[in-house]
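Let's take a friendly walk through one chain of this structure. Have a look at the picture first, and then we will read it together.

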Amino acid sequence: MAEHTPHADAVDLGPHEHVVSPKLYVGIFAALMVLTYLTVEAAGHDFGIFNTVVALGIASTKALLVIAFFMHVRWAGKLVVLVVASGFVWLGFLILITMSDYLSRGFSLVTG
Amino acid sequence: MPTQPITSETMPKEHYLNADYGIRSWLLTIDHKRIALLYLLSVTVAFALGGAYAVLVRLELLTPAGDFFTAENYNKMFTAHGVIMVFFFMIPAIPATLGNFLLPMMIGAKDLAFPRINLLSWYLYVVGFLVTLGALFVGGLDTGWTFYTPYSTAFANSNVVAAGVGIFISGFSSILTGFNFIVTIHKMRAPGMTWFRMPLFVWAHYATSLIQILGTPVVAVTILMVAAERLFKFGFFDPTRGGDPILFQHLFWFYSHPAVYIMILPAMGVISELVTCFSRKRVFGYDFIAMSSLAIAVLSFLVWAHHMFVSGMSVYAAMIFSALSFLVAIPSAIKVFNWTATLFRGSVSWQTPMLYAMGFIGLFLIGGLTGLFLASVGLDIHVTDTYFIVAHFHYVMVGGTIMAYLGGLHFWWPKMTGRLYPEWWARVSAVLVFVGFNTTFLPQFILGYLGMPRRYYAYPEEFQVLNVMSTAGASILGVGFLLPIFYLAWSMRYGRISSANPWPATGLEWQTPSPPPTENFPRTPVVDEEAYDYTRPPKEIALV
Amino acid sequence: MSDAHAGPLRHHFATLQQQKESATLGMWVFIAQEIMFFGGLFGTYAIYRYLYYAAFEDASHHLDWKLGAINTGVLICSSLTMALAVHAAAVGKGKQIAAWIAATILLGSIFLGVKVVEYKEKFDHHLVPGPKFHYVPHAEAARAADPEIDRHSQIYFSLYFMMTGLHALHMIIGIPLLAWMGWRGWRGEFSALYHSPIEITGLYWHFVDIVWIFLFPLLYLIGHH
């Protein structure tokens with residue numbers, strides 16, 4: 001199995017060959033199933049606004065597990081991490097900034 | 001320093017143009033240089049068609065009454081002009097022609113990272129173009145290139161879905177080109193070609209590719225939503241079904257604003273190359289120009305709602321977008337200052353590419369500054385949907401991008417074809433373009449400010465003089481654009497033979513024969529000096 | 001033009017490592033693009049859920065969360081089998097690749113089968129947007145909470161069909177790609193040294209799983225049940 005060693009001038013050398021043990025995959029799979037159960041369970045309770053927070057939090061955790069372990073980003077270079085992060089940051093731009101329009105339509109700094 | 005390009009007695013014996021013959025060798029090529037020429041042909045056709053529609057629009061506007069077309073047909077004319085020019089000329093023009101041709105060579109690579117996907121990009125472009133043309137010719141599209149809802153989803157009787165499908169397909173052409181460039185720049189640079197030794201043209205295309213990847217999919221899915229609304233009666237943007245038309249505008253402009261930077265960034269990359277070569281001087285502030293390209297790519301995604309100030313969106317959000325829009329002008333200004341500083345104390349010569357470059361700097365300045373007027377919410381409300389806007393974006397798109405495109409095309413023509421274009425004809429064309437352009441669009445600033453609305457086929461009598469002037473300018477501009485098509489084609493057969501590096505210019509692409517061999521470099525070059533070193537004579541490539 | 005004689009190394013790459021890194025980076029850049037592609041729909045969802053929460057909550061109860069949960073489990077399982085297929089390729093076990101891929105395809109097909117069942121159910125209950133849409137609120141108080149619930153629930157279902165439909169389309173495209181990889185694996189075309197096609201296909205499949213990971217709670221579990 002190849003080791004994970006740092007590179008000399010690692011500017012653009014991407015992922016080192018890293019073979020992941022099937023046991024780890026099964027472990028992650030178990031975690032994902034547990035989280036799926038949790039999200040269904042949490043939906044059965046009334047946490048008010050926090051239902052949404054919990055649901056998204058669990059979904060994000062699951063996504064992170066898939067990305068880090070099934071998709072090997074845990075062992076990938078900084079560049080891949082940057083690409084993944086950029087995708088989500090841009091998604092954030094789209095959703096949050098568009099939302100800011102809808103959230104602030106009702107504001108009124110001027111009476112009348 | 002020669003003011004005449006260096007000629008040669010003979011062409012190289014074997015190069016990418018004669019490496020293989022027959023239509024199959026072109027239609028099934030994976031050589032990035034041949035694909036670039038395929039694109040050159042296609043975008044020229046698109047430009048001619050888009051230009052023809054512009055002619056029709058300007059003919060109608062010679063007279064105050066709507067007497068040439070019906071109102072609905074006039075809508076179809078300006079829509080066709082916009083759709084063709086934006087999606088099938090402006091977006092691909094520099095990246096898919098000059099970018100495709102030069103990018104691998106500038107970094108010392110044999111080809112792009114994914115040559116077959118590059119060819120696929122071209123086919124997607126062609127198919128998208130044909131589908132869209134079908135929609136435009138048969139029945140027509142009258143929504144404006146911006147497809148605003150609910151008109152486009154609930155009321156238009158025109159071929160919205162068909163045109164949308166065509167644009168969707170060509171969008172993937174753009175995405176794949178961007179994706180190819182990003183991977184190529186990261187992974188295929190020659191030994192010694194560090195990021196900060198790369199030509200600024202490459203930096204510009206990297207930033208452009210970021211925008212293509214992150215922005216285009218949003219408009220793609222928005223087109224699907226519009227199609228779903230028309231075909232299946234989903235109600236995303238229809239108020240009668242609970243939807244919000246302004247949401248369409250958010251989704252549309254999230255891409256379409258960064259899209260204009262897809263159009264201008266490669267042009268700025270070209271200008272960096274031209275200014276440095278024709279001042280015989282290292283570009284001033286290389287790091288700042290490189291970083292400003294990235295800054296533009298990021299900031300361009302944060303300003304889109306300045307297209308929506310009058311839409312009914314929140315005024316408070318509008319103010320934030322206004323402030324951000326002022327911010328995005330800063331990196332562009334940095335570039336203009338640095339180009340000017342490059343010229344200072346340089347040894348300036350006035351070949352055609354430099355004429356276009358100087359034209360770019362002046363006209364982009366006007367276009368960019370008027371953009372600042374529009375970033376101010378108060379002023380924008382007054383001039384939005386008037387000819388002021390039309391003038392603004394034509395100044396940056398035509399006075400900016402198209403002039404840079406023509407400048408770049410002339411500059412690298414010897415590299416691409418092994419021939420020199422006829423300098424006198426080229427200079428005449430450049431002057432005609434400059435004069436014609438300003439005569440066409442300067443009056444439009446005034447018209448817009450006085451209140452003439454855009455997308456109207458009739459206007460008050462008092463605006464006729466300026467409109468006639470604008471149409472007259474368009475005729476001159478048309479001649480200026482047509483001439484290169486003829487003399488460039490002529491030069492491919494009869495032009496003087498160019499040396500490998502006629503100007504001469506720095507850069508790896510000039511250190512290989514003109515035209516280059518299929519594999520670009522006989523052996524992989526090794527880079528050991530900074531970009532744009534004009535203090536020394538151009539060296540032979542150091543071979544591995 | 002083909003490089004069959006040179007093995008898997010394409011002519012424009014210097015080394016197999018460079019080729020592999022390019023392929024991997026390329027697929028990640030493509031995935032970033034896909035995030036934005038679905039992102040337009042997630043953004044639309046966020047806006048309308050904010051505006052019409054009561055209608056969305058009520059409409060969500062029309063979905064069978066048990067089927068959704070089963071499908072989530074199925075898809076996560078398929079990600080496991082996909083990861084194991086890539087592992088088999090990395091250790092050079094060609095026949096195993098094909099077996100794990102077959103399992104992945106099977107699980108993916110089960111997912112799609114369940115979706116067909118769900119879609120048919122929506123159709124039968126007049127919950128497909130369009131002229132035949134007819135909404136019966138799940139909770140008594142729903143119409144009082146939102147008098148426009150007929151229109152707003154139609155937005156919910158438009159999003160439901162568009163998002164799950166686009167997701168399903170990505171799976172429908174993925175399955176033949178998987179089959180092709182399985183075929184190549186069976187024929188011994190992959191080795192420890194060269195298996196990036198299957199690796200990047202795996203990345204695509206995992207991404208499709210991640211989209212569903214978000215779709216499930218957002219569509220099926222709004223509010224509480």
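Helices (H or I, at least four residues) and strands (E, at least two) are DSSP runs, numbered from the N terminus. This is a predicted model, in which local features need pLDDT of at least 70, side-chain atom pairs count only at pLDDT 80 or more, and totals for chains, interfaces and linings use all residues. Residues are numbered from 1 along each chain as its sequence is written, while chains are lettered from A and ligands numbered from 1 in the order in which they are written.

Chain C holds seven helices and zero strands, and its pattern along the sequence reads α-α-α-α-α-α-α. Its C-alpha trace spans about 70 × 30 × 30 Å along the principal axes. Of its 225 residues, 53% are buried, meaning that 20 or more other C-beta atoms, placed from the backbone, lie within 10 Å of the residue's own.

Now for helix α1 of chain C:

| Feature of α1(C) | Value |
|---|---|
| Residues 16-51 | 36 residues |
| First to last C-alpha | 52 Å |
| Kink centred on C:G39 | about 35° |

The kink is a bend, the angle between axes fitted to the seven residues ending at a residue and the seven starting there. Because 26 of the 36 residues of α1(C) are buried, this helix is largely enclosed by the rest of the structure.

Where does chain C meet chain B? The contact (C-beta atoms, placed from the backbone, within 7 Å) takes 28 residues from chain C and 31 residues from chain B. On the chain C side, α1(C) gives the most, with 16 residues.

Note on methods:
A residue is buried if 20 or more other C-beta atoms lie within 10 Å of its own, exposed if 12 or fewer, and partly exposed in between; C-beta atoms are placed from the backbone. The expected span of a helix is 1.5 Å times one less than its number of residues. Two residues are in contact if their C-beta atoms, placed from the backbone, lie within 7 Å.
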